[in-house]
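Me: I would like to learn how to read side-chain features in a model. Can we take them one at a time?

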Amino acid sequence: MKRLVHNILAFAAVTFLYIGLLAPTAHAEKSTPGYNNKIPKNIMTLDKVDTRVGTLEFFDGMPTPDTVKTVYDHLDFLRGVEVFLNFIPATSVEGIRLGMGEMKATQSNQVLILDKLMDSDPLFLTGNTDTVYASVILDLQKDGPTVVEIPPKCGPGTVNDAFFRFVTDMGIPGPDKGKGGHYLILPPDYDGNLNPPVGGMETDVNGRKYFVSKSTSYTNWLILRGFLVDGKPDASAKMFKQGLKVYPLARAKNPPAMQFISGSNKAFNTIHANSFQFYEELWHVLQKEPISFIDPELRGLAASIGIQKGKPFEPDARMKKTLVEAVAVGNATARAIMFDTREPGAYKYENSTWFTGFIGGDYQWLKDGGSGGRYLDARTLFFYGATVNTPAMTKKMVGKGSQYAYNARDKEGNYLNGSKTYKLNIPANVPAKDFWSVVAYDPQTRSQLQTSQEFPSKNNKKSKLDMNADGSVDLYFAPEVPKGHENNWIETVPGKGWMVLIRLYGPLDPWFDKTWQPGEFEPLE
(Lines give C-alpha, C1' and ligand atoms only; values in the text may rest on other atoms or scores of the structure.)
Protein backbone atom coordinates (compact mmCIF):
# COMPACT_ATOMS: atom_id res chain seq x y z
CA MET A 1 0.00 0.00 0.00
CA LYS A 2 2.80 2.37 0.91
CA ARG A 3 4.52 1.56 -2.34
CA LEU A 4 1.34 2.33 -4.31
CA VAL A 5 0.94 5.71 -2.67
CA HIS A 6 4.62 6.45 -3.28
CA ASN A 7 4.24 5.64 -6.98
CA ILE A 8 1.15 7.81 -7.35
CA LEU A 9 2.86 10.80 -5.74
CA ALA A 10 5.94 10.31 -7.87
CA PHE A 11 3.82 10.21 -11.06
CA ALA A 12 2.00 13.39 -10.03
CA ALA A 13 5.26 15.19 -9.38
CA VAL A 14 6.67 14.22 -12.75
CA THR A 15 3.43 15.28 -14.48
CA PHE A 16 3.37 18.72 -12.86
CA LEU A 17 7.07 19.20 -13.66
CA TYR A 18 6.43 18.30 -17.29
CA ILE A 19 3.53 20.74 -17.54
CA GLY A 20 5.62 23.40 -15.90
CA LEU A 21 8.40 22.91 -18.39
CA LEU A 22 6.00 23.12 -21.33
CA ALA A 23 4.01 26.09 -20.04
CA PRO A 24 6.50 28.86 -20.86
CA THR A 25 6.82 27.59 -24.43
CA ALA A 26 3.04 27.35 -24.96
CA HIS A 27 2.54 30.68 -23.24
CA ALA A 28 5.13 32.37 -25.42
CA GLU A 29 3.52 31.05 -28.59
CA LYS A 30 0.09 32.46 -27.66
CA SER A 31 1.11 35.81 -26.17
CA THR A 32 0.66 39.13 -28.00
CA PRO A 33 3.98 40.75 -28.99
CA GLY A 34 5.11 43.02 -26.19
CA TYR A 35 2.97 41.21 -23.61
CA ASN A 36 3.31 38.15 -21.43
CA ASN A 37 -0.22 37.05 -22.28
CA LYS A 38 -2.62 36.91 -25.16
CA ILE A 39 -4.39 40.34 -25.25
CA PRO A 40 -7.89 40.48 -26.78
CA LYS A 41 -7.80 42.37 -30.07
CA ASN A 42 -11.02 44.20 -29.28
CA ILE A 43 -9.38 46.23 -26.51
CA MET A 44 -6.39 47.25 -28.65
CA THR A 45 -6.03 50.33 -30.89
CA LEU A 46 -4.35 50.07 -34.27
CA ASP A 47 -1.62 52.52 -35.23
CA LYS A 48 -3.85 53.83 -38.04
CA VAL A 49 -7.66 53.95 -38.15
CA ASP A 50 -9.60 55.31 -41.13
CA THR A 51 -12.81 57.14 -40.08
CA ARG A 52 -15.27 59.68 -41.44
CA VAL A 53 -13.19 62.45 -39.83
CA GLY A 54 -9.96 61.24 -41.45
CA THR A 55 -7.12 58.88 -40.63
CA LEU A 56 -6.40 58.73 -36.92
CA GLU A 57 -2.84 57.81 -35.95
CA PHE A 58 -1.42 56.47 -32.67
CA PHE A 59 1.90 55.47 -31.11
CA ASP A 60 1.08 52.32 -29.18
CA GLY A 61 -2.45 53.57 -28.45
CA MET A 62 -1.45 57.16 -27.67
CA PRO A 63 -2.84 59.67 -30.21
CA THR A 64 -0.51 61.83 -32.24
CA PRO A 65 -0.84 65.63 -32.00
CA ASP A 66 -2.74 65.78 -35.32
CA THR A 67 -5.16 63.11 -34.14
CA VAL A 68 -5.70 64.91 -30.83
CA LYS A 69 -6.60 68.10 -32.69
CA THR A 70 -8.91 66.24 -35.07
CA VAL A 71 -10.88 64.43 -32.38
CA TYR A 72 -11.22 67.45 -30.11
CA ASP A 73 -12.48 69.56 -33.00
CA HIS A 74 -14.92 66.78 -33.82
CA LEU A 75 -16.02 66.44 -30.18
CA ASP A 76 -16.71 70.17 -29.93
CA PHE A 77 -18.66 69.97 -33.17
CA LEU A 78 -20.73 66.98 -31.98
CA ARG A 79 -21.54 68.70 -28.71
CA GLY A 80 -22.51 71.88 -30.54
CA VAL A 81 -24.98 69.86 -32.66
CA GLU A 82 -26.36 68.10 -29.57
CA VAL A 83 -26.79 71.39 -27.71
CA PHE A 84 -28.83 72.72 -30.62
CA LEU A 85 -31.09 69.66 -30.82
CA ASN A 86 -31.56 69.27 -27.07
CA PHE A 87 -32.13 72.91 -26.18
CA ILE A 88 -34.63 73.92 -28.87
CA PRO A 89 -37.44 73.95 -26.25
CA ALA A 90 -35.52 76.42 -24.07
CA THR A 91 -34.54 78.81 -26.86
CA SER A 92 -38.06 78.61 -28.29
CA VAL A 93 -39.51 80.00 -25.06
CA GLU A 94 -36.72 82.58 -25.06
CA GLY A 95 -37.69 83.53 -28.62
CA ILE A 96 -41.26 84.12 -27.47
CA ARG A 97 -40.01 86.23 -24.56
CA LEU A 98 -37.90 88.33 -26.94
CA GLY A 99 -40.79 88.69 -29.38
CA MET A 100 -43.08 89.81 -26.58
CA GLY A 101 -40.40 92.34 -25.69
CA GLU A 102 -40.49 93.68 -29.24
CA MET A 103 -44.17 94.39 -28.62
CA LYS A 104 -43.45 96.00 -25.21
CA ALA A 105 -45.21 93.18 -23.34
CA THR A 106 -42.57 92.52 -20.68
CA GLN A 107 -44.52 92.59 -17.40
CA SER A 108 -46.99 90.01 -16.11
CA ASN A 109 -49.84 92.54 -16.31
CA GLN A 110 -49.07 93.22 -20.00
CA VAL A 111 -50.97 90.89 -22.33
CA LEU A 112 -50.19 90.49 -26.00
CA ILE A 113 -53.62 89.82 -27.46
CA LEU A 114 -54.38 88.79 -31.02
CA ASP A 115 -57.74 90.49 -30.79
CA LYS A 116 -58.28 90.42 -34.55
CA LEU A 117 -56.78 86.93 -34.80
CA MET A 118 -53.26 85.96 -35.79
CA ASP A 119 -52.52 86.83 -39.38
CA SER A 120 -49.34 86.06 -41.32
CA ASP A 121 -47.42 89.18 -40.22
CA PRO A 122 -46.04 87.81 -36.91
CA LEU A 123 -43.42 85.09 -37.06
CA PHE A 124 -44.87 82.52 -34.68
CA LEU A 125 -44.40 78.75 -34.90
CA THR A 126 -47.54 77.29 -36.54
CA GLY A 127 -49.87 79.80 -34.91
CA ASN A 128 -53.52 79.40 -35.85
CA THR A 129 -55.85 81.87 -37.56
CA ASP A 130 -58.89 80.59 -35.72
CA THR A 131 -58.73 81.59 -32.05
CA VAL A 132 -58.03 84.77 -30.10
CA TYR A 133 -54.63 84.36 -28.44
CA ALA A 134 -53.77 86.01 -25.13
CA SER A 135 -50.07 85.70 -24.31
CA VAL A 136 -48.24 86.61 -21.09
CA ILE A 137 -44.65 86.12 -19.91
CA LEU A 138 -44.49 85.40 -16.18
CA ASP A 139 -41.36 86.35 -14.21
CA LEU A 140 -41.61 84.43 -10.96
CA GLN A 141 -38.15 85.57 -9.86
CA LYS A 142 -39.31 89.16 -9.85
CA ASP A 143 -42.95 88.73 -8.88
CA GLY A 144 -42.84 85.62 -6.69
CA PRO A 145 -46.01 83.48 -6.51
CA THR A 146 -48.26 84.81 -9.28
CA VAL A 147 -52.05 84.76 -9.63
CA VAL A 148 -53.81 84.23 -12.95
CA GLU A 149 -57.56 84.89 -12.98
CA ILE A 150 -59.22 83.08 -15.87
CA PRO A 151 -62.63 84.26 -17.08
CA PRO A 152 -65.48 81.80 -17.74
CA LYS A 153 -65.75 80.32 -21.25
CA CYS A 154 -62.02 80.52 -21.84
CA GLY A 155 -60.83 78.05 -24.46
CA PRO A 156 -57.73 75.86 -24.04
CA GLY A 157 -54.98 77.51 -22.01
CA THR A 158 -51.60 76.35 -20.73
CA VAL A 159 -48.63 77.48 -18.66
CA ASN A 160 -45.25 76.09 -19.74
CA ASP A 161 -41.92 76.60 -18.03
CA ALA A 162 -38.75 77.93 -19.67
CA PHE A 163 -37.98 74.50 -21.18
CA PHE A 164 -41.52 74.12 -22.52
CA ARG A 165 -42.36 71.64 -19.77
CA PHE A 166 -45.95 71.41 -18.62
CA VAL A 167 -46.97 73.39 -15.53
CA THR A 168 -50.78 73.49 -15.75
CA ASP A 169 -53.74 73.68 -18.08
CA MET A 170 -56.43 76.33 -17.85
CA GLY A 171 -59.84 76.90 -19.39
CA ILE A 172 -61.78 74.03 -20.93
CA PRO A 173 -59.08 71.31 -20.51
CA GLY A 174 -57.94 72.72 -17.17
CA PRO A 175 -59.26 72.10 -13.65
CA ASP A 176 -61.68 75.04 -13.94
CA LYS A 177 -63.31 73.19 -16.90
CA GLY A 178 -64.20 76.41 -18.65
CA LYS A 179 -65.97 77.91 -15.64
CA GLY A 180 -63.11 80.28 -14.82
CA GLY A 181 -61.11 80.46 -11.63
CA HIS A 182 -58.02 81.61 -9.78
CA TYR A 183 -54.69 79.94 -10.51
CA LEU A 184 -51.54 80.35 -8.43
CA ILE A 185 -48.13 79.64 -10.01
CA LEU A 186 -45.30 79.11 -7.50
CA PRO A 187 -41.63 79.79 -8.34
CA PRO A 188 -39.00 77.01 -8.22
CA ASP A 189 -37.49 78.39 -5.01
CA TYR A 190 -40.82 78.48 -3.15
CA ASP A 191 -40.32 76.76 0.24
CA GLY A 192 -43.74 77.19 1.85
CA ASN A 193 -46.19 74.49 2.87
CA LEU A 194 -47.86 74.14 -0.54
CA ASN A 195 -46.59 71.11 -2.43
CA PRO A 196 -48.65 70.68 -5.61
CA PRO A 197 -48.11 67.76 -8.00
CA VAL A 198 -47.39 68.26 -11.70
CA GLY A 199 -50.52 69.79 -13.19
CA GLY A 200 -51.54 71.40 -9.90
CA MET A 201 -54.00 70.94 -7.06
CA GLU A 202 -57.00 72.77 -5.69
CA THR A 203 -56.58 74.31 -2.24
CA ASP A 204 -57.39 77.34 -0.12
CA VAL A 205 -54.84 80.15 0.09
CA ASN A 206 -55.61 83.18 2.24
CA GLY A 207 -59.28 82.23 2.31
CA ARG A 208 -59.68 81.83 -1.46
CA LYS A 209 -59.83 78.70 -3.61
CA TYR A 210 -56.87 78.42 -5.99
CA PHE A 211 -55.62 75.89 -8.50
CA VAL A 212 -51.99 75.80 -7.38
CA SER A 213 -49.00 74.66 -9.46
CA LYS A 214 -45.25 74.95 -8.99
CA SER A 215 -42.93 75.70 -11.89
CA THR A 216 -39.35 74.50 -12.33
CA SER A 217 -38.29 77.87 -13.80
CA TYR A 218 -38.65 81.60 -13.18
CA THR A 219 -39.70 82.43 -16.73
CA ASN A 220 -43.03 80.89 -17.75
CA TRP A 221 -45.29 81.38 -20.74
CA LEU A 222 -49.04 81.68 -20.28
CA ILE A 223 -50.98 81.20 -23.51
CA LEU A 224 -54.77 81.27 -23.67
CA ARG A 225 -57.20 80.83 -26.56
CA GLY A 226 -60.67 82.22 -27.03
CA PHE A 227 -63.15 80.79 -29.52
CA LEU A 228 -64.88 82.65 -32.33
CA VAL A 229 -68.53 83.50 -31.82
CA ASP A 230 -70.54 83.70 -35.05
CA GLY A 231 -67.23 83.48 -36.87
CA LYS A 232 -65.88 86.63 -35.19
CA PRO A 233 -63.21 87.25 -32.52
CA ASP A 234 -64.98 90.14 -30.77
CA ALA A 235 -66.61 88.19 -27.93
CA SER A 236 -63.39 86.42 -26.92
CA ALA A 237 -61.34 89.60 -27.16
CA LYS A 238 -63.86 91.25 -24.84
CA MET A 239 -63.80 88.24 -22.50
CA PHE A 240 -60.04 88.52 -22.03
CA LYS A 241 -59.96 92.29 -21.73
CA GLN A 242 -62.64 92.28 -19.07
CA GLY A 243 -61.86 89.06 -17.22
CA LEU A 244 -58.16 88.13 -17.49
CA LYS A 245 -56.01 89.33 -14.61
CA VAL A 246 -52.40 88.49 -13.77
CA TYR A 247 -50.61 89.83 -10.68
CA PRO A 248 -48.22 88.88 -7.86
CA LEU A 249 -49.97 87.19 -4.93
CA ALA A 250 -48.31 89.77 -2.69
CA ARG A 251 -50.33 92.47 -4.49
CA ALA A 252 -53.66 90.62 -4.48
CA LYS A 253 -55.36 93.42 -2.55
CA ASN A 254 -54.11 96.09 -4.94
CA PRO A 255 -53.16 94.45 -8.26
CA PRO A 256 -51.65 96.51 -11.09
CA ALA A 257 -53.99 97.50 -13.91
CA MET A 258 -53.98 95.17 -16.88
CA GLN A 259 -52.62 96.37 -20.21
CA PHE A 260 -53.68 94.71 -23.47
CA ILE A 261 -51.39 95.18 -26.46
CA SER A 262 -52.75 94.15 -29.85
CA GLY A 263 -50.48 91.89 -31.89
CA SER A 264 -52.79 91.57 -34.89
CA ASN A 265 -51.40 92.91 -38.19
CA LYS A 266 -48.03 93.56 -36.55
CA ALA A 267 -44.69 92.16 -37.71
CA PHE A 268 -42.61 90.71 -34.88
CA ASN A 269 -40.50 87.58 -34.39
CA THR A 270 -40.91 84.92 -31.68
CA ILE A 271 -38.75 82.18 -33.24
CA HIS A 272 -35.34 81.09 -31.94
CA ALA A 273 -32.28 81.60 -34.12
CA ASN A 274 -30.86 78.91 -36.44
CA SER A 275 -27.46 80.62 -36.40
CA PHE A 276 -24.68 81.15 -33.82
CA GLN A 277 -27.13 83.45 -32.03
CA PHE A 278 -28.94 80.29 -30.87
CA TYR A 279 -26.15 79.66 -28.36
CA GLU A 280 -26.32 83.25 -27.13
CA GLU A 281 -30.06 82.87 -26.56
CA LEU A 282 -29.41 79.70 -24.57
CA TRP A 283 -26.73 81.43 -22.51
CA HIS A 284 -29.28 84.04 -21.44
CA VAL A 285 -31.76 81.34 -20.41
CA LEU A 286 -29.19 79.59 -18.20
CA GLN A 287 -28.17 82.87 -16.54
CA LYS A 288 -31.77 83.57 -15.58
CA GLU A 289 -32.85 80.16 -14.32
CA PRO A 290 -31.81 78.27 -11.16
CA ILE A 291 -29.34 75.38 -11.18
CA SER A 292 -32.23 72.98 -10.58
CA PHE A 293 -33.84 74.07 -13.87
CA ILE A 294 -32.13 71.30 -15.86
CA ASP A 295 -30.35 68.10 -14.86
CA PRO A 296 -26.53 67.90 -14.57
CA GLU A 297 -26.26 65.92 -17.80
CA LEU A 298 -27.88 68.64 -19.92
CA ARG A 299 -26.13 71.39 -17.99
CA GLY A 300 -22.81 69.64 -18.58
CA LEU A 301 -23.53 69.37 -22.29
CA ALA A 302 -24.04 73.14 -22.53
CA ALA A 303 -20.98 73.82 -20.37
CA SER A 304 -18.84 71.62 -22.65
CA ILE A 305 -19.14 74.28 -25.36
CA GLY A 306 -18.74 77.19 -22.95
CA ILE A 307 -22.34 77.98 -21.96
CA GLN A 308 -22.51 77.97 -18.16
CA LYS A 309 -24.45 79.84 -15.51
CA GLY A 310 -22.40 82.62 -13.94
CA LYS A 311 -19.74 82.66 -16.66
CA PRO A 312 -19.45 84.68 -19.89
CA PHE A 313 -19.85 82.91 -23.21
CA GLU A 314 -16.70 83.92 -25.08
CA PRO A 315 -15.61 81.21 -27.54
CA ASP A 316 -12.29 81.77 -29.29
CA ALA A 317 -12.07 81.96 -33.08
CA ARG A 318 -11.63 78.19 -33.49
CA MET A 319 -14.54 77.34 -31.22
CA LYS A 320 -16.83 79.94 -32.80
CA LYS A 321 -16.08 78.58 -36.28
CA THR A 322 -16.85 75.07 -35.00
CA LEU A 323 -20.14 76.18 -33.45
CA VAL A 324 -21.20 78.05 -36.60
CA GLU A 325 -20.82 74.74 -38.45
CA ALA A 326 -22.48 72.79 -35.63
CA VAL A 327 -25.60 74.95 -35.56
CA ALA A 328 -25.89 74.62 -39.36
CA VAL A 329 -25.79 70.81 -39.11
CA GLY A 330 -28.09 70.86 -36.07
CA ASN A 331 -30.59 72.97 -37.99
CA ALA A 332 -30.39 70.64 -41.00
CA THR A 333 -30.93 67.67 -38.71
CA ALA A 334 -33.97 69.24 -37.07
CA ARG A 335 -35.42 69.95 -40.52
CA ALA A 336 -34.82 66.36 -41.61
CA ILE A 337 -36.53 65.10 -38.45
CA MET A 338 -39.49 67.39 -39.03
CA PHE A 339 -39.99 67.17 -42.80
CA ASP A 340 -38.79 63.63 -43.49
CA THR A 341 -39.09 61.80 -40.20
CA ARG A 342 -37.85 58.22 -40.10
CA GLU A 343 -40.09 57.37 -37.14
CA PRO A 344 -42.82 54.98 -38.37
CA GLY A 345 -45.07 55.98 -35.49
CA ALA A 346 -45.26 59.52 -36.84
CA TYR A 347 -47.64 58.74 -39.70
CA LYS A 348 -51.28 58.78 -38.75
CA TYR A 349 -52.69 56.53 -41.46
CA GLU A 350 -51.49 53.71 -43.67
CA ASN A 351 -50.25 54.88 -47.09
CA SER A 352 -50.70 58.51 -46.07
CA THR A 353 -48.43 61.56 -45.80
CA TRP A 354 -50.28 63.01 -42.78
CA PHE A 355 -48.11 62.87 -39.67
CA THR A 356 -48.42 63.84 -36.04
CA GLY A 357 -46.24 66.28 -34.15
CA PHE A 358 -46.72 64.27 -30.96
CA ILE A 359 -44.89 61.01 -31.69
CA GLY A 360 -45.21 58.52 -28.88
CA GLY A 361 -48.20 60.19 -27.25
CA ASP A 362 -46.33 61.40 -24.15
CA TYR A 363 -46.09 65.07 -23.18
CA GLN A 364 -42.85 64.31 -21.27
CA TRP A 365 -41.39 62.77 -24.44
CA LEU A 366 -40.83 59.38 -22.82
CA LYS A 367 -40.51 56.46 -25.23
CA ASP A 368 -42.41 53.23 -24.60
CA GLY A 369 -43.52 54.31 -21.16
CA GLY A 370 -40.00 55.32 -20.21
CA SER A 371 -38.22 52.06 -21.06
CA GLY A 372 -36.81 53.81 -24.13
CA GLY A 373 -35.79 56.90 -22.18
CA ARG A 374 -36.37 60.35 -23.64
CA TYR A 375 -37.77 60.26 -27.17
CA LEU A 376 -35.25 62.78 -28.45
CA ASP A 377 -36.20 62.98 -32.13
CA ALA A 378 -39.88 63.16 -31.23
CA ARG A 379 -39.18 66.14 -28.99
CA THR A 380 -37.12 67.82 -31.70
CA LEU A 381 -39.85 67.28 -34.31
CA PHE A 382 -42.48 68.87 -32.13
CA PHE A 383 -40.62 71.90 -30.82
CA TYR A 384 -38.91 72.78 -34.09
CA GLY A 385 -42.34 73.29 -35.60
CA ALA A 386 -44.72 74.11 -32.77
CA THR A 387 -45.24 75.56 -29.31
CA VAL A 388 -47.28 74.67 -26.20
CA ASN A 389 -46.83 71.39 -24.37
CA THR A 390 -49.79 69.87 -22.56
CA PRO A 391 -51.11 66.38 -21.78
CA ALA A 392 -54.38 67.56 -23.34
CA MET A 393 -52.78 67.16 -26.78
CA THR A 394 -51.90 63.52 -26.14
CA LYS A 395 -55.00 62.37 -24.27
CA LYS A 396 -58.22 61.20 -25.79
CA MET A 397 -60.41 64.09 -24.63
CA VAL A 398 -63.59 63.67 -26.64
CA GLY A 399 -65.26 67.00 -27.30
CA LYS A 400 -62.51 68.96 -25.49
CA GLY A 401 -59.15 70.42 -26.35
CA SER A 402 -57.68 70.09 -29.82
CA GLN A 403 -55.99 67.62 -32.17
CA TYR A 404 -53.63 68.23 -35.07
CA ALA A 405 -51.93 66.67 -38.07
CA TYR A 406 -49.20 67.97 -40.39
CA ASN A 407 -48.67 67.47 -44.10
CA ALA A 408 -45.89 68.71 -46.36
CA ARG A 409 -46.20 66.29 -49.30
CA ASP A 410 -48.60 65.32 -52.06
CA LYS A 411 -50.03 61.82 -52.44
CA GLU A 412 -47.00 60.81 -54.51
CA GLY A 413 -44.62 61.78 -51.72
CA ASN A 414 -43.27 64.98 -53.27
CA TYR A 415 -42.87 68.18 -51.27
CA LEU A 416 -45.74 70.64 -51.78
CA ASN A 417 -44.66 73.29 -54.31
CA GLY A 418 -46.10 76.79 -54.40
CA SER A 419 -45.86 76.90 -58.19
CA LYS A 420 -48.35 74.05 -58.59
CA THR A 421 -52.08 73.55 -58.04
CA TYR A 422 -53.38 70.97 -55.56
CA LYS A 423 -56.75 69.75 -54.34
CA LEU A 424 -57.38 68.51 -50.81
CA ASN A 425 -60.67 66.79 -50.00
CA ILE A 426 -62.04 67.19 -46.48
CA PRO A 427 -64.62 64.39 -46.14
CA ALA A 428 -68.07 65.08 -44.76
CA ASN A 429 -68.89 64.92 -41.07
CA VAL A 430 -65.58 66.22 -39.77
CA PRO A 431 -65.44 64.97 -36.15
CA ALA A 432 -64.99 68.38 -34.52
CA LYS A 433 -67.53 69.66 -32.01
CA ASP A 434 -66.27 73.25 -32.14
CA PHE A 435 -64.64 73.74 -35.55
CA TRP A 436 -62.02 72.52 -37.98
CA SER A 437 -59.47 74.46 -39.98
CA VAL A 438 -56.61 74.05 -42.42
CA VAL A 439 -53.76 76.58 -42.28
CA ALA A 440 -50.84 76.89 -44.72
CA TYR A 441 -47.33 77.51 -43.35
CA ASP A 442 -43.92 78.51 -44.67
CA PRO A 443 -41.37 75.69 -44.19
CA GLN A 444 -38.58 78.22 -43.65
CA THR A 445 -40.18 80.10 -40.75
CA ARG A 446 -42.74 77.43 -39.76
CA SER A 447 -45.05 80.43 -39.50
CA GLN A 448 -48.11 81.31 -41.55
CA LEU A 449 -47.46 81.53 -45.28
CA GLN A 450 -47.26 85.17 -46.32
CA THR A 451 -49.34 85.92 -49.43
CA SER A 452 -51.87 88.53 -50.51
CA GLN A 453 -54.40 86.74 -48.28
CA GLU A 454 -54.45 88.06 -44.71
CA PHE A 455 -55.21 84.58 -43.39
CA PRO A 456 -53.71 81.63 -45.33
CA SER A 457 -56.42 79.29 -44.10
CA LYS A 458 -59.96 77.99 -44.25
CA ASN A 459 -62.23 77.45 -41.26
CA ASN A 460 -65.67 75.89 -41.36
CA LYS A 461 -67.06 78.48 -38.94
CA LYS A 462 -65.71 81.71 -40.46
CA SER A 463 -65.09 80.82 -44.13
CA LYS A 464 -67.85 80.70 -46.75
CA LEU A 465 -66.97 77.33 -48.23
CA ASP A 466 -68.51 75.68 -51.27
CA MET A 467 -69.69 72.20 -50.32
CA ASN A 468 -69.82 69.10 -52.48
CA ALA A 469 -73.08 67.16 -52.86
CA ASP A 470 -71.85 64.52 -50.41
CA GLY A 471 -71.10 67.12 -47.72
CA SER A 472 -67.34 67.08 -48.26
CA VAL A 473 -65.24 70.16 -49.07
CA ASP A 474 -62.52 70.47 -51.70
CA LEU A 475 -59.80 72.97 -50.81
CA TYR A 476 -57.53 74.32 -53.55
CA PHE A 477 -53.93 75.46 -53.11
CA ALA A 478 -52.39 77.41 -55.96
CA PRO A 479 -50.53 80.66 -56.79
CA GLU A 480 -53.60 81.91 -58.67
CA VAL A 481 -57.32 81.39 -58.11
CA PRO A 482 -58.53 78.20 -59.80
CA LYS A 483 -61.54 79.19 -61.88
CA GLY A 484 -64.79 78.66 -60.00
CA HIS A 485 -63.11 77.87 -56.67
CA GLU A 486 -62.56 81.32 -55.19
CA ASN A 487 -64.24 80.49 -51.87
CA ASN A 488 -62.13 77.39 -51.30
CA TRP A 489 -58.74 78.76 -52.43
CA ILE A 490 -55.63 79.17 -50.28
CA GLU A 491 -52.92 81.12 -52.09
CA THR A 492 -49.37 79.79 -52.42
CA VAL A 493 -46.13 81.43 -53.53
CA PRO A 494 -44.43 80.36 -56.79
CA GLY A 495 -41.03 78.84 -56.14
CA LYS A 496 -41.66 78.36 -52.42
CA GLY A 497 -42.57 75.26 -50.52
CA TRP A 498 -45.41 75.09 -48.03
CA MET A 499 -47.04 72.78 -45.53
CA VAL A 500 -50.32 72.62 -43.63
CA LEU A 501 -51.80 71.79 -40.28
CA ILE A 502 -55.34 70.50 -39.96
CA ARG A 503 -56.89 71.32 -36.58
CA LEU A 504 -59.93 69.86 -34.90
CA TYR A 505 -61.18 71.69 -31.82
CA GLY A 506 -63.44 69.52 -29.69
CA PRO A 507 -62.34 66.32 -31.50
CA LEU A 508 -64.82 63.44 -31.52
CA ASP A 509 -64.42 59.65 -31.56
CA PRO A 510 -63.99 59.19 -35.35
CA TRP A 511 -60.77 61.23 -35.16
CA PHE A 512 -59.32 59.05 -32.43
CA ASP A 513 -60.39 55.70 -33.89
CA LYS A 514 -59.35 56.88 -37.38
CA THR A 515 -62.65 56.02 -39.03
CA TRP A 516 -62.49 59.56 -40.40
CA GLN A 517 -59.38 60.92 -42.06
CA PRO A 518 -58.57 63.84 -44.35
CA GLY A 519 -57.77 63.22 -48.00
CA GLU A 520 -54.33 63.41 -49.58
CA PHE A 521 -52.98 66.34 -51.61
CA GLU A 522 -53.75 65.69 -55.27
CA PRO A 523 -51.63 67.56 -57.87
CA LEU A 524 -53.83 68.98 -60.63
CA GLU A 525 -51.03 69.85 -63.03
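Me: Which backbone oxygen does the side chain of lysine 462 reach?

Reply: This is a predicted model. The side chain of lysine 462 reaches the backbone oxygen of threonine 129, at 2.7 Å.

Me: Where is the place of lysine 462?

Reply: Lysine 462 is in the loop between strand S18 (457-459) and strand S19 (473-478).

Me: Which ring face does lysine 462 lie over?

Reply: The face of phenylalanine 455. Lysine 462 is 4.3 Å from that ring centre.

Me: What else is lysine 462 in contact with, leaving aside neighbours within four places in sequence?

Reply: Besides Phe455, the contacts are Leu117, Thr129, Asp130, Leu228 and Gly231.

Me: Why does lysine 462 count as partly exposed?

Reply: Its relative accessibility is 24%.

Me: Which other charged end sits over a ring, that of tyrosine 415?

Reply: The charged end of arginine 409. It sits 4.1 Å from the centre of the tyrosine 415 ring.

Me: Now ring pairs. What describes a pair of aromatic rings?

Reply: Two values: the distance of the centres and the angle of the planes.

Me: How many aromatic pairs does a search of the whole structure find?

Reply: The search finds 28. One of them joins phenylalanine 227 and tyrosine 505, 5.8 Å centre to centre with 85° between the planes. That pair is edge-to-face.

Me: Which parts of the chain does the pair of phenylalanine 227 and tyrosine 505 link?

Reply: Distant ones, 278 residues apart. Phenylalanine 227 is in the loop between strand S12 (219-226) and helix H5 (234-243). Tyrosine 505 is in strand S21 (residues 499-507).

Me: Are phenylalanine 227 and tyrosine 505 buried or exposed?

Reply: Both are buried.

Me: Why is the pair of tryptophan 365 and phenylalanine 383 edge-to-face?

Reply: The planes of tryptophan 365 and phenylalanine 383 stand at 70°, and edge-to-face needs over 60, so the pair qualifies. The ring centres are 5.6 Å apart. Tryptophan 365 is in the loop between helix H8 (317-339) and helix H9 (376-385). Phenylalanine 383 is in helix H9, 18 residues apart from tryptophan 365. Tryptophan 365 and phenylalanine 383 are buried.

Me: Which residues do ring pairs link into a cluster?

Reply: Phe124, Tyr133, Phe164, Trp221, Phe358, Trp365, Phe382 and Phe383.

Me: Why does threonine 126 count as buried?

Reply: Its relative accessibility is 6%, and buried means under 20%, so threonine 126 counts as buried.

Me: Which backbone oxygen lies 2.7 Å from a polar atom of the threonine 126 side chain?

Reply: That of glycine 385. Leaving aside neighbours within four places in sequence, threonine 126 is in contact with residues including Gly385, Ala386, Tyr406 and Arg503.

Me: Finally, the whole protein. How many helices and strands are there?

Reply: There are 10 helices and 22 strands. Of the 525 residues, 52% count as buried.

Me: What radius of gyration does the protein have?

Reply: The protein has 30 Å, whereas a compact globule of 525 residues would have a value near 24 Å. The C-alpha atoms fill a box of roughly 115 × 65 × 60 Å along the principal axes.

Methods
Residues numbered from 1 in each chain as written. Predicted model: local features only at pLDDT ≥ 70, side-chain atom pairs only at ≥ 80, totals over all residues. Heavy atoms only, no water. Phe/Tyr/Trp six-rings, centres within 6.5 Å; stacked < 30°, edge-to-face > 60°. Helix = DSSP H or I, 4+ residues; strand = E, 2+ residues; numbered from the N terminus. Buried < 20%, exposed > 50% of the residue type's maximum accessible area, 1.4 Å probe, protein only. Lys NZ or Arg CZ within 6 Å of the ring centre and 35° of its normal. Contact = heavy atoms within 4.5 Å. Polar contact = N/O pair within 3.5 Å; in protein donor to acceptor, adjacent residues only side chain to side chain. Rg over C-alpha atoms; globule rule 2.2 N^0.38 Å.
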